[in-house]
Amino acid sequence: MALQGLEQTILRDPALFYWILIPITVVMILTGMLRHYATVLMNTPPKPASTLAESRERLTLLRAVNLRNHASAVLSKESFEMRKNYLVTGFQNGAFLKDPNNRGQPPANPMTDPAAMEGMMGMMKGNMMMMIPQTLIMSWINAFFSGFVILKLPFPLTIRFKSMLQSGVMTRDLDVRWVSSLSWYFLNLFGLQGVFGFILGSDNAANHMAQQMGPMNPAAGANPFQPGQDPHKMYLNEAENLEVFEHFCILDGIEERVLRKYGAGEA
Amino acid sequence: MAASLIRGSNLKTAFHRSQQASVLLGQQSSGRSLSQLSILSREGSDDFDALEKLFFSCIQSTDDESALLCLERLTRRFGSSNERVMALRGLYDEATAESAASLELSLKRYDDILSHDPVNLPILKRRIALLRSLSKTSDAISSLLQVLNATPTDVEAWCELAELYQSQGMSPQAVFSLEEALLIVPYAWNVHARLGEIIYIYARSLDGEAMFKQLQLSIRHFCRSVELCDDYLRGFYGLALATSPSLVNEASELAAGKETLLSLHALARRKLEQTLSAENSRQAHLRQYDESELSMVENLLSGL
């Protein structure tokens, strides 16, 4: 452990700076950009529905969600009840399904369904885009640059940071402020988000977070069903949600509200 | 009534825009080599959006040559098998059609495309628009119902269906369609105002208890539209119309109370008068509203 109060000095070759610190940074930025463009190129947009029935199966669910979310802002009691009854009956007897005869059967194995396969391939490709460059760069850095101490932080840190900042340098007594080359790689890996946002725009694919969030929020018009999900079950679920939905109408008492709004403006 | 007004003002802007077409198109062709070099630039998609809008403007103002230029440029970029480009091509063919026979030909071409690819939405919609302009309204309605059965979250289609029903005098159905549209875009004040108008028209065709029930609903939708959009002229116009004292005083009982409705009427009148005087004091090119819109308001105010 470092001696308290005594400044450790290490004589560093300035070449370390030019030949390790800068190359690692540049390489990290370049791989990030490469990954972004590779993802854009290999990205397959979600497949649109191939028949009208399929499109209905997907969008009717969204319609029910819309009804639930917005009914209070638009509908009177009667028209809400009418729509609710229509959708709930339809959901329960499977009128909106692509093929109502298959209702209740276990979902097809996603491995045999080509459409589901394609979705999985897309996800796999995305994961590969992340994995392969990272493994390559990591092993490259390890082979060429490991074991160097390349910079010193201008502020003191506690001992816990040692494993984070000095991976690849096995010295017990080195001050935590010294950063090893391998650790510099990790810092770059997680810290360049801002730089990518600046270079590529905010919705870039070099971003880890975007990669992970991607499948969570499908774009409009996309399939609300994940591969392997049984639409009928989702429908029954939604029917239940509609059944318990408590309707109120914001149009009640709107006359007074408008009067108050504009009346206040006049006075 | 008001719908035609709005279309009129759109035509004017379309004409202005298409007058700049030659300039814009010339610029784009000289800058094209540059934009091709910078494939990586992210602004590319905006250009084509603008190009599509320019195409519509040119079609509206019968500048077919510029429209064809736009179309060719879009086709070069996206290929002729792109769904949107196909629809634009169809629109161009319809616009330049000389006779009813060539329109029928377009219709047949759409049917052909749809037999290969039944979910080509832009073409499906084009076909419905064509049916409508061939005044086969009932055909248009039934195909639109098919489309909506498959895509029940399409605002544009619901609104179109409402207008089609309204043109056939089927107000309850039109009201239903507009309500569906509003469920998807609940804050669209113009749709609220339009819904209010349709319910008002429907209410006037009824009498007695039923009429006042519908009238109440119509007033509420007008109220909602002016609540969402400050000083919305069309909303206040409808509000003044629907709360006119001659109607309200006839009513035996109304949920909101007569005094409230009468003060709403006074509010709407005041707002309309304010808008009128403000617009009239401005110079013509600074006005927000058309001459015809303002004269409608004037007529309404003097008639009430």
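Helices are DSSP runs of H or I with at least four residues, strands are runs of E with at least two, and both are numbered from the N terminus. This is a predicted model, where local features need pLDDT of at least 70, side-chain atom pairs count only at pLDDT 80 or more, and totals for chains, interfaces and linings use all residues. Residues are numbered from 1 along each chain as its sequence is written, while chains are lettered from A and ligands numbered from 1 in the order in which they are written.

**Stop 1: a loop in chain B**

Select B:Asp231. It sits in the loop between α13 and α14 of chain B. Most residues other than glycine have a negative phi. (Buried means 20 or more other C-beta atoms within 10 Å, exposed means 12 or fewer, and partly exposed is in between; C-beta atoms are placed from the backbone.)

**Stop 2: another loop**

Go to B:Ser135. Look for it in the loop between α8 (121-133) and α9 of chain B. B:Ser135 also has a positive phi of about 55° and is not a glycine. With 9 other C-beta atoms within 10 Å, B:Ser135 is exposed.

**Stop 3: an arginine on a helix**

Select B:Arg89, in helix α6 (residues 83-95) of chain B. B:Arg89 is partly exposed, with 18 other C-beta atoms within 10 Å.

**Stop 4: two helices in chain B**

Show α12 (residues 189-205) and α14 (residues 233-242) of chain B. They pack at an angle of about 25°, with axes 9 Å apart. (Axes are lines fitted to C-alpha atoms, for helices over the stretch in contact; angles run from 0 to 180 degrees between N-to-C directions.) That makes α12(B) roughly parallel to α14(B). (Under 35 degrees counts as roughly parallel, over 145 as roughly antiparallel, 65 to 115 as roughly perpendicular and the rest as oblique.) Color the contact residues, including B:Trp189 and B:Tyr200 of α12(B) and B:Arg234 and B:Leu241 of α14(B). (Contact means C-beta atoms, placed from the backbone, within 7 Å.) By class, this contact has 5 nonpolar, 3 polar and 2 charged residues. (Ala, Val, Leu, Ile, Met, Phe, Trp, Tyr, Cys and Pro count as nonpolar, Asp, Glu, Lys and Arg as charged, and the others, Gly among them, as polar.)

**Stop 5: two helices in chain A**

Switch to α1 (residues 14-42) and α7 (residues 193-200) of chain A. Their angle is about 55°, and their axes are 11 Å apart. That makes α1(A) oblique to α7(A). From α1(A), A:Ile29, A:Gly32, A:Met33 and A:His36 meet A:Val195, A:Phe196, A:Ile199 and A:Leu200 of α7(A). The residues of this contact divide into 6 nonpolar, 2 polar and no charged.

**Stop 6: where the chains meet**

Show both chains. How many residues does each chain give to the contact? Chain B gives 26 and chain A gives 30. On the chain B side, α9 (137-150), α11 (171-184), α13 (209-228) and α16 (258-281) each supply at least two residues. The largest share, 7 residues, comes from α13(B). By class, the chain B side has 16 nonpolar, 5 polar and 5 charged residues.

Note on methods:
Two residues are in contact if their C-beta atoms, placed from the backbone, lie within 7 Å.
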